[in-house]
Amino acid sequence: MNAKGRVHKYGDNVDTDAIIPARYLNTASHSELAVHCMEDIDKDFVRKMRTGDIVAAEKNFGCGSSREHAPIALKAAGVSCVIAASFARIFYRNSINIGLPILECPQAAEAIGNGDEVAVDFDTGIIENLTSGKRYQAQPFPEFIKNIIASGGLLNSIV
Amino acid sequence: MAMTMTQKILAAHAGLEDVEAGQLIEAKLDMVLGNDITSPVAINEFEKCGATKVFSTEKIALVLDHFTPNKDIKAAEQCKQTREFAHKHSIRNFYDVGEAGIEHALLPEKGLVGPGDCIIGADSHTCTYGALGAFSTGVGSTDMAAGMMSGKAWFKVPSAIKVVLKNSLQEDVSGKDVILHLIGRIGVDGALYQSLEFTGEGVASLTMDDRFSIANMAIEAGAKNGIFPVDEQTLEYCRDRYRGEIRRYVADEDAEYSRVVEIDLAALEPTVSLPHLPENTKTVREAAGLPIDQSIIGSCTNGRISDMRIAAHILKGRKVAPGVRCIVIPATQQIYLECIREGLAEIFVEAGAALSTPTCGPCLGGHMGVLASGERSISTTNRNFVGRMGHPESEVILSSPAVAAASAVLGYIAAPADLPEGGKA
């Protein structure tokens, strides 16, 4: 399993209200949520976003609410992977559960810049910045998490 | 092996003698909670994978509290979907408008959660029930769906930070000031993946409502859960309410903690969190004078009866400042009724405040107090992220009910002591 795309880079504490503002939580439609992804901190995100792009951020990405709508919005917007120095725990769990690959890697999160081309190998945990030529090692996913992601989410993987 | 209080509850629910930090376990659940925003996503998942039966009709609570009374057609559809699911599966603890309230005030009040329980809820503030000595944590909708199907959830056993409370609070200082102070000290990721275990002789001086406010915002420090020891006050609160068996777990003397944080309750002052993170704390003295457009008194953090009494005590015989909208929201129907019976409702209305039916509404910019660009609200809620309460260029300042009420009267950030006659009505 791999991902490759251009990076959209953000700072510390990107909260779930920033990822998908609560005013749009009157729907559970994935495509409707995708349209408003990141709009309060980066109103051009959806316009700039190309399918397969990667989101990178610094510490505590996804803090705040338990809304699963946040990783759903990112995934439905076409984000292939999120790399951060650290993740808030409910967001981490939700992302795996819905099949959005996310990697914790402080070195990569710090060094990767906005617009860089990055390739990720989920089997080895290697993150390669194709723009700078640098490589970083994240913890690879254990088998059961790879299964969840490949199945498109936790419930798909158990039924 | 020595265990923290949280670890003991998790071990018991996993059927294990002992557990240690980092261990993956599967635990039996005493309660699975969802609301009108998170339940529809869970119901879709539940039905998509062909599930036909919930694990228990008693141990699931569905509460319509966020965008209710329905704020728009889409919100109405989400409530309808949740209502129909509750009826189809004979969910005993389904709460609709008229008997509902904000879930984290409602569940303890109805006795649905209690000491020693293991609870998940598809709402991040599910950590509130740690005030009762339960292990309780927020999860997403998929975990809620899996919980409704199986009655179980997997957890990574957390390590813990020990928060030692000393002495007792001064007048006009409350549980909210304690938790804001703590988040200011350790940061919004200061307890990431960990438990916050509150202990020390200062615990006894805190009311249950103070403890609910503190445990409620454990998530705002990134914590998995916040938890209080079970004492006489807890038992008194649970008497005539909680229907389960009281299970009192005590942390081992030699349990391992990654860090110890001491808080001298007597030294705390009224505290606020400035935009746009709960960790941006200042004392009210440092932040005093910032003008406000709105004051919200309510939420799962501070919509309980003692919060209403504190606000009414300050608003009695006074008026909300011209140009300020003050909105008071009792968290449950029971609290609303007590506000009427105790004469608090009259005080609020006479002061020029709007008194709302129970709802989470304004806290998350849903309805009942959404902010326009450039506006600033003081609020007894729990988050002040960019756009949390409305326009991305609006601001939220978090505070206790005492500070929100005093600020509403003066039109700027202030403590009760700053009122012309002090905090005395």
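User: How are the residues and chains labelled here?

Analyst: Residues are numbered from 1 along each chain as its sequence is written, while chains are lettered from A and ligands numbered from 1 in the order in which they are written. The model is predicted, so local features need pLDDT of at least 70 and side-chain atom pairs count only at pLDDT 80 or more, whereas totals for chains, interfaces and linings use all residues.

User: How many residues of chain B are in contact with chain A?

Analyst: 41 residues of chain B are in contact with 34 residues of chain A. Contact is when the C-beta atoms of two residues, placed from the backbone, lie within 7 Å.

User: Which elements of chain B give two or more residues to that side?

Analyst: Helix 2 (38-48), helix 3 (73-88) and helix 5 (141-150) of chain B do. Helix 2 of chain B gives the most, with six residues. Helices (H or I, at least four residues) and strands (E, at least two) are DSSP runs, numbered from the N terminus.

User: What classes of residue does that side of chain B have?

Analyst: The side of chain B that touches chain A has 18 nonpolar, 13 polar and ten charged residues. Nonpolar covers Ala, Val, Leu, Ile, Met, Phe, Trp, Tyr, Cys and Pro; charged covers Asp, Glu, Lys and Arg; the others, Gly among them, count as polar.

User: New topic. What is the strand order of the open sheet in chain A?

Analyst: The seven strands run 4-3-2-1-5-6-7, with mixed pairing. Strands pair if DSSP finds at least two bridges between them. Strand 4 (102-104) and strand 7 (135-137) of chain A are at the edges with a single partner strand each, so one side of each has no neighbour in the sheet.

User: In which sense do strand 3 and strand 4 of chain A pair, parallel or antiparallel?

Analyst: Strand 3 (residues 81-84) and strand 4 of chain A pair in the parallel sense, over three bridges. Ala84(A) stands opposite Glu104(A) in strand 4 of chain A.

User: Back to helix 3 of chain B. Which residues are buried?

Analyst: Ala75(B), Gln78(B), Cys79(B), Thr82(B), Phe85(B) and Ala86(B) are buried. A residue is buried with 20 or more other C-beta atoms within 10 Å of its own, exposed with 12 or fewer, and partly exposed in between, with C-beta atoms placed from the backbone.

User: What do they pack against, and what is on the face turned away?

Analyst: The buried residues of helix 3 pack against helix 2, strand 3 (60-63) and strand 4 (93-95) of chain B. The face turned away carries the exposed residues Ile73(B), Glu84(B), His87(B) and Lys88(B).

User: Where is Ser90(B), and what is its phi?

Analyst: Ser90(B) is in the loop between helix 3 and strand 4 of chain B. Its phi is positive, about 50°, although Ser90(B) is not a glycine. Most residues other than glycine have a negative phi, and most peptide bonds are trans. Ser90(B) is exposed, with 10 other C-beta atoms within 10 Å.

User: Is the peptide bond from Thr68(B) to Pro69(B) cis or trans?

Analyst: That bond is cis, with omega near -15°. Pro69(B) lies in the loop between strand 3 and helix 3 of chain B.
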